[in-house]
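Please open the model in your viewer and keep the selection tool at hand.

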Amino acid sequence: MDYTVSDSDLELCDGYRRLFEKNCTLEKVREAEPLGFDEGLWRRMLEMGAVSMVVSPIEGEADAGLVQSALVAEVAGRCLAPVPLVEATVAARVVKDQASSVPPVWMDNLMAGSPLLTFALRPVVDDVSRLAPSGAVAGAMVALATEGLVLCSVDAPQPSPHNLGTAPIADCRVGATTVVLAAGESARIAHARAIRDWKVLTASALVGLAEGAFQIALDYVKIRKAFGVLIGSFQTVQHRLADHRVALDGATFLCRKAAWAIDTDREDAQILANMAFLYASEVAEQVATDSLHFHGGIGYTMECDIQMFFRRAKAWPLVLGDPQSVMTELAGQLYRPVEAAR
Amino acid sequence: MNFDSTDKERIREEVRTFLQANADDELLGRRFTWPVDGTFYRAYCRWRGDNFDGEDVGILRTVAEEMDLAGIELTPFSQTILVGATLSVVGSDYQKETILPQVLNGEILCALGYTEPDSGSDVAAATTGAQRDGDEWVINGQKIFTSQAEVATHIFLLTRTNPDVPKHKGLTLFLVPVDTPGVEVRELYTLAPHPTCVTFYTDVRVSDEMRVGAIDEGWPTMRVALEFEHYGTGKTTVPVPPMAPSATLINNVHDNAVEWARQTRRLDGTRVMDDPSVRSRLARIAIDHEVTRLLDYRNDPALAEPGTGNGTKLFGTEAYVRATSALMDIAGAEGLIAQSEPTTVARGWIDYAFRDAPVRTIGGGSSEIMRDAIAERRLGLPRNRGK
């Protein structure tokens, strides 16, 4: 086994890290609230190939796998980048897989990132997919509808309701232009695969988020004094940080392994994706909660940056729904389905 | 990046073949006791030496994992290897040339004589004294948790050679043959089927050849040994297998519990396995197992920062405790039946593991010591306790 990130992947991540250092400070993240979308930053990421790398524009060059997208999601998550990286990547992967059903104009749009193509997590009911990621800013979506898995324009985008994660989630109505990518069983399978990819990328972003929160907390306990000493000298603070450090290592490896398992078509890819999603969600919430707590009362105020991590740690995975249903799904994959009622 | 572990399949196959030839049913059947058996281990060492020239830690871990799965826990042997690894770093020429080969071929089996009744985690507060007398040293004192001393040939003993300097400065280590006059070994029974030992030292005379490391330099020597013990990837030609194979322990108890839950019906006729709450709790254990295994197998040199080994030990043992508690709950009243009873559930694994788990977060450095080490060495936080 080899956990090392390749030099070319490190280089890829460094490029985004440099971009975010300059253009995605926590101040900028605040400025993008409450919508939670920084169009300028997203444009820069598109120019760098954040989405197009999934379907390589260069003939003969290998497309980026989920590992590459997951590593970029870690970097983006760490600074809470207000961009639709996860959903746009998932949508692009679906389109790539169903390329033969996609009209060239849609393909060109996808490569250019305009209109913004998102991925609807929930099936379309009465022409609407409820609370789709980036639904408030998307011009098109991949969604599971009655006729199958469709690529469609979004009809009159709805504004996003104020929400915990200050994310542009919104109901998405199926627009006039619709292309059926897959129908019947193959539509269901393709949608399930897309959800699987979404889980791994969201988990990777959550690992990044947790790393960001952890670093802020660690820096804070090294300068904040109480009772005449640094609060970072208290054993209860140290031990919780130590536990979180180890859990974060584990979550990082698990997310990368899940992405690798998908790229290499491993049998247990689905299981690993669910594990990564559940574990990263759990760790991110715990790390963000304690990181806020170590700040004391000031951590609870909107002035303090840590609240931005705390809200998103809970909000990002919940866009999919109650995590317990993922646990149930995982148990089904691990232990086979429940016996029929006797 | 490659998380494939099937390259270890060949090794697994070889381990299975070796076990078939060398481990009789009695040994394999003694699942819930420490299977310390000199004959078996010597055979194991010969086989290891013959088959795995230039082996790496990953291979050794796979070997240990496969043995654990067969019910033969290598912990007692691992502590011998860690003494060997320590000798390979700090040993004298004589020790490297004469003792180390005996450690590697299984003639020497070691127990660790660190802890004393009055100083648990504060290892450096040891008071067992060693006084020089010509070419010999005379040792007097007592150690506790000298596990496997009842079968060991040698004890890797931490002594105080200078009581007049700060505690970390006056320590010296020895490799003491257990059959030396004045060494007394007493078994101490534990919650689990495996005992530990108390060892007493009365005017024990040891040759200076058996001193490991310089006089009064015992603490730096201990640091080398502890680094190995805490899954460290210290610089040595002797790869050290994991001391606390938490991933396999979790795996064994989980798999046996799953098998039991599938085969068992409750009074209302429903299968235990079909209870959604049971399934969720089992799946949660499976996640902890996967994470433990990933931490255990990490090999990225960039991640081998100080304190990462402590993290692996901390996480795995704590996860094992969580898992065994949850599985006891799932088994309910049936889970109370001891593994020695024919009616025990999950082939005795749940009862065994629940009793076994608490010591794993204590032995080999308690979880608190692991957390302190991570906080201080990896996170750069100020030391929270006295020297």
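**First stop: the salt bridges between the chains.** Display chain B and chain A together; in this predicted model, five salt bridges are counted between them. To view one of them, select B:Arg378 and A:Asp249, whose side chains meet in a salt bridge with an N to O distance of 2.8 Å.

Next, select four helices of chain B: helix 8 (246-263), helix 9 (276-296), helix 10 (308-331) and helix 12 (367-378). Each of these supplies at least two residues of the side of chain B that touches chain A. Which helix of chain B gives the largest share of that side? It is helix 9 of chain B, with 13 residues.

Colour the side of chain B that touches chain A by residue class: 21 of its residues are nonpolar, nine are polar and 18 are charged.

**Second stop: the whole interface.** Now select the residues of both chains that take part in the contact: 48 residues come from chain B and 46 residues from chain A. Between them, the two chains bury about 4,500 Å², and 61% of this area lies on carbon and sulfur atoms. Within chain B, select B:Met1, B:Phe3 and B:Arg279, which lose the most area to chain A and together account for 18% of what that side buries. Polar contacts also cross the interface of chain B and chain A: 19 residue pairs are found, with both residues at pLDDT 80 or more.

Select A:Arg311, which is located in helix 10 (residues 306-318) of chain A. Is this residue buried or exposed? A:Arg311 counts as buried because its relative accessibility is 11%, below the limit of 20%.

Show the side chain of A:Arg311 and look for two partners. A polar atom of this side chain lies 3.0 Å from the backbone oxygen of A:Leu164, and the side chain also makes a polar contact with that of A:Thr166, at 3.1 Å. Beyond neighbours within four places in sequence, the residues in contact with A:Arg311 include A:Glu33, A:Gly165 and A:Met302.

**Last stop: B:Asp268.** Move to the loop between helix 8 and helix 9 of chain B and select B:Asp268. With a relative accessible area of 60%, B:Asp268 is exposed. The side chain of B:Asp268 makes a polar contact with the side chain of B:Thr270, at 2.7 Å. Finally, select B:Ser246 as well: 22 residues separate B:Asp268 and B:Ser246 along the chain, and their C-alpha atoms are 36 Å apart.

Definitions and conventions: Residues numbered from 1 in each chain as written. Chains lettered and ligands numbered in written order. Predicted model: local features only at pLDDT ≥ 70, side-chain atom pairs only at ≥ 80, totals over all residues. Heavy atoms only, no water. Buried < 20%, exposed > 50% of the residue type's maximum accessible area, 1.4 Å probe, protein only. Polar contact = N/O pair within 3.5 Å; in protein donor to acceptor, adjacent residues only side chain to side chain. Contact = heavy atoms within 4.5 Å. Buried area = accessible area lost by both parts, 1.4 Å probe. Salt bridge = Lys/Arg side-chain N within 4 Å of Asp/Glu carboxyl O. Nonpolar A, V, L, I, M, F, W, Y, C, P; charged D, E, K, R; others polar.
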